[in-house]
Each structure stands twice: as structure tokens, then as C-alpha cells.
Amino acid sequence: RFSIVGEKVLRLEQHLGYKHKGIEHRFTQLPALQAHRLAGRVSGDSTVAFAWAYCMALESACGTTLPARALWSRALMLERERVANHLGDLGALGNDAAFAFGLAQFSRLREDWQRLSMQALGHRFMMDAVLPGGVATDLNAAMRDEMRLQCDTVERELRRLRHIYDEHAGLQDRFMSTGRVTPELAQRLGLTGMAGRASGLASDLRCNHAWLPYAQLRTAMATQQGGDVAARVAVRFDEVLESLRLIRELCAGLPPGPVAAEVVLPDQPTQALGCVEGWRGEVLVALHLGAGGAITRCHCHDPSWQNWPVLEHAVIGNIVPDFPLINKSFNLS
């Protein structure tokens, strides 16, 4: 609900939880070794992040040790998910500022990217590619080479498009100072993930709490201080470039061995957490297993829960036509 005076937004009120789908209850009706499929559908554009976080919690509760090849394959998919979403949003942000050329070019790049995901991993969004104990598909050498070549192509075009975005006066006029969240406000409201890094909050699980294989890859964190749409666009560009580098390294250094391990459910009740840096931010899954390994509670937490209230503040004082632009710069679930 908007409260406005003329074109200026005085207040925005959001009603979270309206689309209640009964996800947590549904988890308790599923076998623990099959519930990763539901986790991967909590937020469809973050299917790899949610499925990995669920499997991480389950594998921790079961004491499962994953093969190195499975961990590297999961990271490869997570970075492909990050690139796909940032490419889509960079095009949509251009379109929301009446720059349809940007939408056309980034849509083309994302479509090619997702077609290769379909070819290599069986699904455009990589649904059900992460499963308890490992991954569903083992990438062969030819497919890894094709992914590395695609990274080179996308990087060339991305750098050219970034120059066009940076030099387009009309676009920058819409981006700069729009929807600003100061570092102080971001800190106070707990802004997280990509949007938090655009407001100076240097937090990325891949860097701060690096798990395998990220502990070996030395991920570079993308940050900005401006906190406006322009800063969130800049972080997206930087993160795509870093993800392309990581994908090349993951393809080149994929360890030999199996891609899955057996997961044996515990006899006694136990609980565990899984936490993964998805493209929006930290994805958390808290899992409780009862006797015999049955799910008694599973809570999936998206970073959007922290960030939606911040969007209410980011919109205040801006004009109504800038709301789609500000909203898309966060693109919350």
C-alpha cells in the first residue's frame, strides 16, 4: 500500500506472509531423503542454494562426508545460478529505466546461459540437480570445456555492456541516488546479501565463513558504499565477473572420483543447520529429525525476510515511477 503526495512516496506498507503455502507442514509429510525436492522449490530462482542448504543440514545430521567432486559440482551450479539471475536483473533494470536495448542484450545472454544448463544438467534452473549425498549429474570434460568457453563469451559481452550502462547519461540519471539505503540504515535494519554489500556491509558466506570448495577458491567480495540503485547494479556486474572466474576454476580443477555418497539416516532425534550464500544472500535451512530419521520440523529462511522491510525505507522520498526500478534492484522473493 502506497501513501503518496503527488508523485512522491511518503510511505510503503508491505504485507508479508500473504501467500502462505504450508511448506513447513509439507516437509513433515516427506521422507528426509526426498525433501530436497521441496526445498529446491521454496524459491524457484534459488533452487540450487535452497537444495544445497537442505542437503547440508541433512548430511550434517547424518554425519555424511561428501566426495570432493560433489562439492565442487555444487559450487559450479551455485555460481551458474548467481550469473543467470544477475544477467536477468541487469536487463530488467535497464528496461525499468526505459533502456530496452539492455533488456534485449541481457535476455539473450541469460537465455544462452540457461540453455547450456539444460543441456549439461537436465534443467534450465538446475532443479533436482543437488540431492542428499552429492549431485545428480557428473559433468564430462567436453561439457566443462563448453562452460569455460561460454564464460569467456559472456565476460567479453558483459564488459562491453557495462561500459554502455556506465556511459548512458539517461540511465545513470535514473540509477544514481535512487532508492538509497545508507550504510548506517542498512546496519540498523539488518540488510543482508547482495543488497547489503551495495550499502557497505561486507558480508559474504563464501568469504567470511568459507566452506568447501570456497575455502580453496579465495572468492573476491564485491562491495559498494552508495547504497542506491547504481550501487546495486555495480555489485551485480562485479559479482557476475567473479562468478565467471570461479566457474572457470571449478571446471578446470574438478577433482576425480564419485559424485555422491550414501546418506544413512540417524536412529536418534537430531538437528542441524545448512547455510549457503545464494545470489540474494544467506539461505538458511534448520532441520529437526525425529526417531528413525523422520522430519519433525524444517524451516527454510530466505534473505528476503530481512530485506523486505528495508525496501519500505528505500522507497520513501522517491517518485512513484521509480518504484519498479528500486524494487527490481533488490528483486526479493
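Leaving aside its neighbours within four places in sequence, with which residues is Ser 73 in contact? In this predicted model, where local features need pLDDT of at least 70, side-chain atom pairs count only at pLDDT 80 or more, while totals for chains, interfaces and linings use all residues. Residues are numbered from 1 along each chain as its sequence is written, and side-chain values use heavy atoms, with hydrogens and water left out. Ser 73 lies in helix 4; helices (H or I, at least four residues) and strands (E, at least two) are DSSP runs numbered from the N terminus. Beyond those sequence neighbours, Ser 73 is in contact (heavy atoms within 4.5 Å) with Val 135 and Leu 254. The relative accessible area of Ser 73 is 4%, so the residue is buried; buried denotes under 20% relative accessible area, exposed over 50%, and partly exposed the range in between (1.4 Å probe, protein chains only).

A nonpolar core is a set of buried Ala, Val, Leu, Ile, Met, Phe, Trp, Tyr and Cys residues joined through side-chain atoms within 4.5 Å. The largest such core comprises 97 residues, and those with the most contacts inside it are Phe 27, Trp 52, Tyr 54, Phe 106, Phe 175, Ile 295 and Phe 330. Helix 3 (residues 47-62) supplies the largest share of this core, 12 residues. A second, separate core of five residues includes Met 194, Ala 222, Ala 231 and Val 235.

Three strands form an open, antiparallel sheet in the order 5-6-7, two strands being paired if DSSP finds at least two bridges between them. Strand 5 (270-277) and strand 7 (295-301) each have a single partner strand and stand at the edges, so one side of each is left without a neighbour in the sheet. On average, neighbouring strands of the sheet are turned by 10° against each other, direction ignored. Eight bridges join strand 5 to strand 6, and Glu 277 stands opposite Glu 282 in strand 6. These two strands form a hairpin with four residues between them, and Gly 281 in the turn has a positive phi of about 155°. Strand 6 (residues 282-289) is joined to strand 7 by six bridges, with Leu 289 opposite Ile 295 in strand 7. Helix 3 packs on the sheet, touching strand 5, strand 6 and strand 7, and its direction makes about 145° with that of strand 5. Axes are lines fitted to C-alpha atoms, for helices over the stretch in contact, and angles run from 0 to 180 degrees between N-to-C directions.

Grid points are joined across faces, edges and corners, and a volume is the space filled by probe spheres set on the points. The largest pocket holds about 900 Å³ of space. Of the 25 residues lining this pocket, the closest to its centre are Gly 17, Lys 19, Lys 21, Trp 305 and Ser 333. Helix 1 gives the most to the lining, with four residues.

Conventions
On a 1 Å grid over the protein atoms alone, a cavity is a set of points where a 1.4 Å probe fits but cannot get out, and a pocket is an open set with protein on both sides within 12 Å along at least five of seven lines; lining residues have an atom within 4 Å of a point.
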